[in-house]
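Dear colleague,

Please find below the structure for your records. My notes on its aromatic rings follow.

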Amino acid sequence: MTKSVNQSWAVSQKFRTRYGSTWADLDFFFKDKVSAGNFKTDPMNTNIGALQLEGISLPFKYKDLILYNKKATKLGAQTHRSDISEKFAIDIKSKTFMLNRQEINRLRETLDDALVTVHRSYELGLYL
């Protein structure tokens, strides 16, 4: 079973048309199983999953999730009053992506949800 934050395969054609394919396909996929031992001994370097953005899958460790969540939140705050057609550069894992304000907010929400899911899974002992 695929563990996904946004379940991008279920986005309707109506939303895909309104927000664009970058927004619709943006998703975070969790690894099938995160080892409890790895998370306990070295949580920051534990492989959590992969961010799917513009057709590119970027593997994420727990520390990457925290770092890029902060980056997306900061950029979202800076761009919240900009025009929807204006694009902004964001560097993720040494790759530059040009996203509009809606896509930046979707990225921020996705990373927020992934971070909360990891925290709750660890607290409950589920280890994803």
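Is Phe 28 buried or exposed? Phe 28 is buried, because its relative accessibility is 0%; buried means under 20% relative accessible area, exposed over 50%, and partly exposed in between (1.4 Å probe, protein chains only).

This is a predicted model, in which local features need pLDDT of at least 70 and side-chain atom pairs count only at pLDDT 80 or more, while totals for chains, interfaces and linings use all residues. Residues are numbered from 1 along each chain as its sequence is written, and side-chain values use heavy atoms, with hydrogens and water left out.

A search of the whole structure gives six aromatic pairs. Rings of Phe, Tyr and Trp (its six-membered ring) pair if their centres lie within 6.5 Å; planes under 30 degrees apart count as stacked, over 60 as edge-to-face and the rest as tilted. One of the pairs joins Tyr 19 to Trp 23 and is tilted, at 4.4 Å centre to centre with 35° between the planes. Tyr 19 is partly exposed at 22% relative accessibility, whereas Trp 23 is buried at 13%.

Phe 28 and Phe 30 form an edge-to-face pair, because their planes are at 70°, with the centres 5.2 Å apart. Phe 30 is buried, with a relative accessible area of 10%.

Yours sincerely
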